[in-house]
Amino acid sequence: MRIQDFTDMHKFEEIMQNWAKATGLATVAVDIDGTYLSDCYNFTDFCMKYTRQSPEGKKRCEKCDKECSGVYRCHAGLIDFSIDLTLDGEKLGAVIGGQVLPDHPDEEKFREVARELDINEDSYIAALKKVNVRSEEGIRAAAYLLGNALNNCIEASYNTKYKNSILENLSNGISSCEALVSKIEANVDQLSRIQQK
């Protein structure tokens, strides 16, 4: 089952876009295979231009994307999140994001990460200084709020499509029954006429 097969993706995208504007946090939705379902919002240069452009950084980021859940510290030291997108207990994908700091960074620690990833330290630190600082509690609340909103959108879209399908089948069934009743009534009339002769 794929989210985009039954979900109002315009509404889905609108929720993500408004949430990203309101919180300033990065986010993207992915399907069960990790394919993007939405645009990327508020992604930082620290992550996209530097960390993920490094072969080792990209490998570590992809590992975090696949293995981490909830709200967590990524390998590079930022706070990220991964909230499951589900329907009736079945995981269909995830909304991932974050890319913020829980407090002001220890520059030396990030210089060490830059060296490990073979990234220019000064450029890395300059990008780091542009990363938003938010409380971990606020990040956690925002992440779960987005997950709940998207899961509600998915469930509502599924129920709408499913209920419309049931109503259509019932309507078709009623029409078939009415046609059958008319045919039976015609046959009964014909039998009555035969018996009267």
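What pattern does the protein chain follow, read along the sequence? The points below take that up and then go into detail.

1. **Basis.** This is a predicted model: local features need pLDDT of at least 70, side-chain atom pairs count only at pLDDT 80 or more, and totals for chains, interfaces and linings use all residues. Residues are numbered from 1 along each chain as its sequence is written, and side-chain values use heavy atoms, with hydrogens and water left out.

2. **Layout.** The protein chain reads α-β-α-α-β-β-β-α-α-α along the sequence. That is 6 helices and 4 strands. Both kinds of element are DSSP runs, numbered from the N terminus: helices are H or I with at least four residues, strands are E with at least two.

3. **Overall dimensions.** The radius of gyration of the protein chain is 27 Å, whereas a compact globule of 197 residues would have one near 16 Å. The radius is taken over C-alpha atoms, and the globule rule is 2.2 Å times the number of residues to the power 0.38. Along the principal axes, the C-alpha atoms fill a box of roughly 105 × 30 × 25 Å.

4. **Burial and contacts.** Of the 197 residues, 39% count as buried. Buried means under 20% relative accessible area, exposed means over 50%, and partly exposed is in between (1.4 Å probe, protein chains only). Take the contacts between residues at least 6 apart in sequence: 59% of them join residues at least 24 apart. Contact here means heavy atoms within 4.5 Å.

5. **The sheet.** The 4 strands form an open sheet, ordered E1-E4-E3-E2, with antiparallel pairing. Strands E1 (26-31) and E2 (70-73) are the edges, and each pairs on one side only. The twist from one strand to the next averages 20°. Two strands pair if DSSP finds at least two bridges between them. E2 and strand E3 (residues 79-87) run antiparallel and are joined by 4 bridges. Within E3, Asp80 is the bridge partner of Tyr72.

6. **Helix H1.** Helix H1 (residues 9-23) lies across E1, E3 and strand E4 (90-100). H1 runs at about 155° to E1. Axes are lines fitted to C-alpha atoms, for helices over the stretch in contact; angles run from 0 to 180 degrees between N-to-C directions.

7. **Ser38.** This residue sits in the loop between E1 and helix H2 (45-51). Is Ser38 buried or exposed? Ser38 counts as buried, because its relative accessibility is 8%. A polar atom of the Ser38 side chain lies 2.9 Å from the backbone nitrogen of Ala29. Neighbours within four places in sequence aside, Ser38 is in contact with Glu13, Met16, Val28 and Ala29.

8. **Cysteines.** How many disulfides are there? The count comes to 0, where a disulfide is a pair of cysteine sulfur atoms within 2.5 Å. Cys153 is in no disulfide either, and the nearest cysteine sulfur, that of Cys40, is 18 Å away. Cys74 counts as buried at 11% relative accessibility, and Cys153 counts as buried at 9%.

9. **Glu112.** Helix H4 (residues 107-116) holds Glu112. Glu112 is partly exposed, because its relative accessible area is 44%. Its C-alpha atom is separated by 9.9 Å from that of Ala76, 36 residues apart along the chain.

Notes:
Polar contact = N/O pair within 3.5 Å; in protein donor to acceptor, adjacent residues only side chain to side chain.
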